[in-house]
Amino acid sequence: MAEGAKGLAGVAVADTALSYIDGEAGRLFYRGYDIHPLAEKGSFAEALYLLWYGELPTRLKLTVFEGLLARERRLPDELLGVLRQLPSEATPMSALRTTVSVLGELDPDAGDNSREANLRKAGRLVAMLPAAVAAHHRLRRGEAPLAPDPDLGPAADFLRMLTGETAGDTAAEALDTSLLLYLDHGFNASTFACRVVASTLADMHAALTAGVAALSGPLHGGANEHAMRMLEQIGSIDAVDGYLERELAAGRKIMGFGHRVYRTEDPRSTHLREMARRLGERSGDESWYELSRAVEAAMRERKGLYCNVDFYCATVYRHLGIPLDLFTPLFALGRTGGWAAHVMEQHEDNRLIRPRANYTGIVDRPYVLIERRDERGPTTDSEPDPEI
Ligand SMILES: CC(C)(COP(=O)(O)OP(=O)(O)OC[C@H]1O[C@@H](n2cnc3c(N)ncnc32)[C@H](O)[C@@H]1OP(=O)(O)O)[C@@H](O)C(=O)NCCC(=O)NCCS
């Protein structure tokens, strides 16, 4: 294996014109547009339009696009039936993975990889998945799922379907911006998983099922949930140093810190930090923000590491009242738009993604007939014990 290629670090696997990360300068671009003005002035739907169609929408085009998505939010009864049957201990991420798979069974464009069909499927997925996350959450609490309200924006409607209450503008805007910031990010692990599946000419739903699965791990999307669990465990600013001392000495990773590509501040965390500060200020409880600042400063001092997108997102979602195990599904709801864009890009100029492995085993061993094998010969730890 080429030096430094472990985990495919530094290897460019395919072309993309969707998002560009300048890891040295700490900049992120969607279709060439800097993330900062998009996050400050734009919306999730606007960034999604940009990613899927290549240009910023006019007001009319955006209104039509938002209307199309809003009308697709209603969940098929078959899916609600499956969600009702999931075991009570099913995690929201596994419910989401199952949801994408079930929607693939029901989609009228299933198996059609044309751009038009992919856009229709992508629209349904972006519209329905928030409703499905909310429905699964209510069902596991013994509550009836709520029907979508197409007159509300996507973030406001998600919060209403989740809690049954009308969300304030600040909460809906904060959630919408977080989804925009999660939308796309080069060849991260889940996007790469989607592209590998799409490159076999498997369809949109197959690829996105793999994307949700890849996102569920703690080194990727799971980090926002684990970052909040860590803040809860630390509990107070006084305890930060002791906690980091213990965890780092034990060789454990601090969730929400470090990045494969950024060598400076992750530009998404600039917005999420400010959102966390403002939400804390509004709520009159700035303790999560202040604790986060203390952890951030201590990590810079001890390890020279910057926080990533997931660290301050944890505090933002906490202030929005999102249950902890829905943090990663929310990341998935934002990234769905990016995954879908990558599937389209892959299908439109496809070549099977099939890297080589660096074989480290023995080559050309002589085959020994079974009756000639020594029972006392070499065994490995994981082989079943013949005495049992
Ligand atoms: C994101 C991540 C997987 C990137 O991994 P990577 O590019 O393979 O980087 P490495 O794990 O090789 O880390 C490089 C060095 O930084 C250290 N490091 C990286 N992230 C760290 C963290 N979160 N806590 C403590 N040390 C960390 C590693 O221990 C390693 O140190 P060493 O060279 O002394 O061994 C990694 O930083 C991580 O596990 N972070 C925590 C999980 C997380 O927040 N994920 C969300 C990503 S958006």
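**A friendly note on this predicted model**

1. Let's begin with overall size. For 388 residues, a compact globule would have a radius of gyration near 21 Å, and the chain's value of 23 Å agrees with that. The radius is taken over C-alpha atoms, and the globule rule is 2.2 Å times the number of residues to the power 0.38. Along the principal axes, the C-alpha atoms fill a box of roughly 75 × 55 × 45 Å.

2. A word on how to read the values. This is a predicted model, where local features need pLDDT of at least 70, side-chain atom pairs count only at pLDDT 80 or more, and totals for chains, interfaces and linings use all residues. Residues are numbered from 1 along each chain as its sequence is written, and side-chain values use heavy atoms, leaving out hydrogens and water.

3. How do the strands pair? Strand 1 (residues 19–22) and strand 2 (residues 27–30) run antiparallel, joined by 4 bridges; pairing requires that DSSP finds at least two bridges between two strands. Ser-19 has Tyr-30 in strand 2 as its bridge partner. This hairpin has 4 residues between its strands, and Gly-26 takes a positive phi near 70°.

4. Strand 2 also pairs with strand 3 (residues 33–34), again in the antiparallel sense, over 2 bridges. Here the bridge partner of Phe-29 is Asp-34 in strand 3. The hairpin of strand 2 and strand 3 has 2 residues between them, and Arg-31 in the turn has a positive phi of about 50°.

5. Glu-290 sits in helix 14 (residues 287–303). Its C-alpha atom is 9.7 Å from that of Ala-276, 14 residues apart along the chain.

6. Finally, the chain as a whole. Buried residues make up 49% of the 388 residues. Of the contacts (heavy atoms within 4.5 Å) with a separation of 6 or more, 74% come from residues 24 or more positions apart. The chain exposes about 20000 Å², with carbon and sulfur atoms supplying 50% of it; the area comes from the Shrake-Rupley method with a 1.4 Å probe.

Key
Buried means under 20% relative accessible area, exposed over 50%, partly exposed in between (1.4 Å probe, protein chains only).
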